[in-house]
Amino acid sequence: MPHALRDDVYRRPLATALERLGLGAGWRCVDVGAGGGDVSVALAELVGRDGRVYAVDSDPLARDEVAAAAASFTQVLAITQAAEDLVLPEPVDLAFCRFLLLHVVDPAPVLARMRAAVHPGGWVVAQEPITSAGRIAGRPFSMPDARHPDVGALLPALTRSAGLQLVDAWAEAPAGAGPGPLADYLESLTGVSPGNDPVVLPPLVTVVAQVPERP
Ligand SMILES: C[S@@+](CC[C@H](N)C(=O)[O-])C[C@H]1O[C@@H](n2cnc3c(N)ncnc32)[C@H](O)[C@@H]1O
């Protein structure tokens, strides 16, 4: 999976979400389904040495990838664990996931575990795609390997069903035509360059939600 490339093309939605949240120094976070650790590193830069980022992924190989990507960030701790079994050494201020829920068997229990990992008043933020809303040359994207390729469209409702207070939600998609990071990203994913065809990548729906102060 081309983590660095995806981080490049989806960097803006990530930045929008973290800015909306007001993530800052000293926060304790978990990045669930951390993969190569792009989000974990972005979180680590913002929380600083006094903060903590748990990078959790069910794939043991991800731990090595995160260790390499976050080598200079002692505040990042990589853990091999399924999101469905998420347990951390301490309650965190933020549970974050991106491009995770489309792959899990059932997104609901994962959101419930993320909620349980956060202290009352803390935050759950998820960024998931509506794959079929992406376009190449006007034609919809498809992602046959994903269990829930359009889970982004359900994300606000899933968040509320998990007992979280929905504070904000929106969709954001990179778009372009011709040579550049989008064309490179698509070629790396599909093996085929879009050439000069217009491209709108699958929009990422972001939800910013709060854990209620009282159950
Ligand atoms: C598409 S990658 C996203 C990586 C990263 N969140 C990002 O946006 O760059 C999905 C990651 O989720 C992990 N994953 C899939 N199912 C999981 C589960 N049930 N529990 C934990 N991690 C899971 C995969 O191993 C993979 O590293």
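Leaving aside neighbours within four places in sequence, Pro 174 is in contact with Val 9, Tyr 10, Arg 12, Leu 182 and Leu 201, contact being C-beta atoms, placed from the backbone, within 7 Å. The model is predicted: local features need pLDDT of at least 70, side-chain atom pairs count only at pLDDT 80 or more, and totals for chains, interfaces and linings use all residues. Residues are numbered from 1 along each chain as its sequence is written.

Pro 174 sits in the loop that joins strand E8 (165-172) to strand E9 (175-177); helices (H or I, at least four residues) and strands (E, at least two) are DSSP runs, numbered from the N terminus. Pro 174 counts as buried because 21 other C-beta atoms lie within 10 Å, where buried requires 20 or more such atoms within 10 Å of the residue's own C-beta, placed from the backbone. Between Pro 174 and Gln 127 the C-alpha to C-alpha distance is 14 Å, at a separation of 47 residues in sequence.

The ligand is surrounded by 20 residues, of which Gly 33, Gly 35, Ser 58, Asp 59 and Ala 83 are the closest; a residue is near the ligand if its C-beta atom, placed from the backbone, lies within 6 Å. At least two residues of this shell come from each of helix H1 (3-9) and helix H3 (38-47).

In H3, eight of the ten residues are buried: Asp 38, Val 39, Ser 40, Val 41, Ala 42, Leu 43, Ala 44 and Val 47.

Technical notes. A residue is buried if 20 or more other C-beta atoms lie within 10 Å of its own, exposed if 12 or fewer, and partly exposed in between; C-beta atoms are placed from the backbone. Two residues are in contact if their C-beta atoms, placed from the backbone, lie within 7 Å.
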